[in-house]
Amino acid sequence: MTRLALTDLDKQACDLLIDKAKKAKFDVSIDQIGNIFIRRQGKNSNLNPVLMGSHADSQPKGGRFDGVYGVLAGLEVMLSLNDNNVQTERSIDLAIWTNEEGTRFAPAMMGSAVFAKKMKLENALSCQDNNGVTVKEELERIGYAGSDDFSQYNPYASLELHIEQGPILEKHNNVIGIVTGSLGQKWYEIEFIGEASHAGTTPMNMRRDAGFGMARAMLKLHDLGMQECDMGGRITIGEVKLDPGSRNVIPGRAWFTLEIRHPNKQALEKMDKKIYDLMHHIGKTNKLDVLINKILSISPLNFDQKCISVVREVTRNLGYSHEDMISGAGHDSCYLNYVAPASMIFIPCVNGLSHNELEDITFEWSEAGAQVLAHSIVKLASHGFEI
Ligand SMILES: [Zn+2]
């Protein structure tokens, strides 16, 4: 699946969803960043609506379920309510958030960030892809530059159903993940600076080899990640560069990206401090200069306790095996959490694979997630937290 945000294929998918929504007599609104809201009217329009939803865009050669599973399950919930003539007190809204993946236009989770007022609309609209095409131009071209105003919109609660994108539920043989929060993360670019020189003439003990400095750093960072493994910590080095990059030259510069994640704020800060200490120590003992550039810092996030309890109660009542979990990935709900009581529901994916063409789910998991979503949404839309 390659359905990058605001491409013709993205348009086709959204057109199809809107077509299905209109056939079912749901109301459709589109805001200025192209977020789509499909509404099934409740009895009482004075009450704040209950919101669900996810995204329809994908990574390049991504899976068929990341995001769109939550969208289609949400639509199915609304259609099933029609089929069964269920009337809810509150209206139920299904949102399809623009550009969640952030592959074509960075940053990720753009539509929900603008919705939650965590990113300015103008800044989002002026983001460009690699060909210099802006979000605004593409929204206009595919007909999704909406004008509906959601600035006064106050969801009563927000739930997002999504695949786990990791291996834990499947390993534990659980069908439902009750998502209580999301990992905090920090991103760095780190560079060791030594001296490039001849690989044949420079004795080992007279070198300032930035490459081996980086290798030592990597092993220490891996150890640090393993120390925090049981507490949910993660460390990833995803990109490296050696300069000048010749087999006969001692690397004068070694650059790498580092990202760390942790569910606990204090532990995340502790890891951060340790990274600075470790890198400076390695620089010192290897006669290398060190540059550390921190480019992102997000605190761990807790989802709403009341939303979590509704999902937990519904899951128990339906008899599905379940566990509490923390999302390792970022999701639209991380932004929605700022403007509404929010939480998420996870189902397993085969072998924990996601952002991969092999991404897969079973019919049983798919149904379980949709049932939990349906019952939770109906509960929230019928009475609310207090019942
Ligand atoms: Zn997703």
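In which helix does Ala 381 lie? Ala 381 belongs to helix α11 (residues 363-382), where helices (H or I, at least four residues) and strands (E, at least two) are DSSP runs numbered from the N terminus. The structure is a predicted model, in which local features need pLDDT of at least 70 and side-chain atom pairs count only at pLDDT 80 or more, while totals for chains, interfaces and linings use all residues. Residues are numbered from 1 along each chain as its sequence is written, and side-chain values use heavy atoms, with hydrogens and water left out.

Ala 381 is buried, its relative accessible area being 0% (buried: under 20%; exposed: over 50%; partly exposed: in between; 1.4 Å probe, protein chains only). Residues up to four places away in sequence not counted, Ala 381 touches Val 50, Thr 88, Glu 89, Arg 90 and Ile 92 (contact: heavy atoms within 4.5 Å).

The zinc ion has as protein donors His 55 (NE2), Asp 66 (OD) and His 162 (NE2), at 2.0 to 2.2 Å. Donors are N, O and S atoms within 2.8 Å of the metal (3.2 Å for Na, K and Ca); water is not among the atoms, so sites may look incomplete. His 55 in strand β3 (residues 50-55) and His 162 in strand β5 (residues 157-163) are 107 residues apart and link distant parts of the chain; both histidines are buried.

In strand β12 (residues 253-262), 9 of the 10 residues are buried. Strand β7 (residues 184-193) runs antiparallel to β12, joined by 10 bridges, and Tyr 188 stands opposite Leu 258 of β12. Pairing requires at least two DSSP bridges between two strands. Strand β10 (residues 240-243) also pairs with β12 in the antiparallel sense, over 4 bridges.
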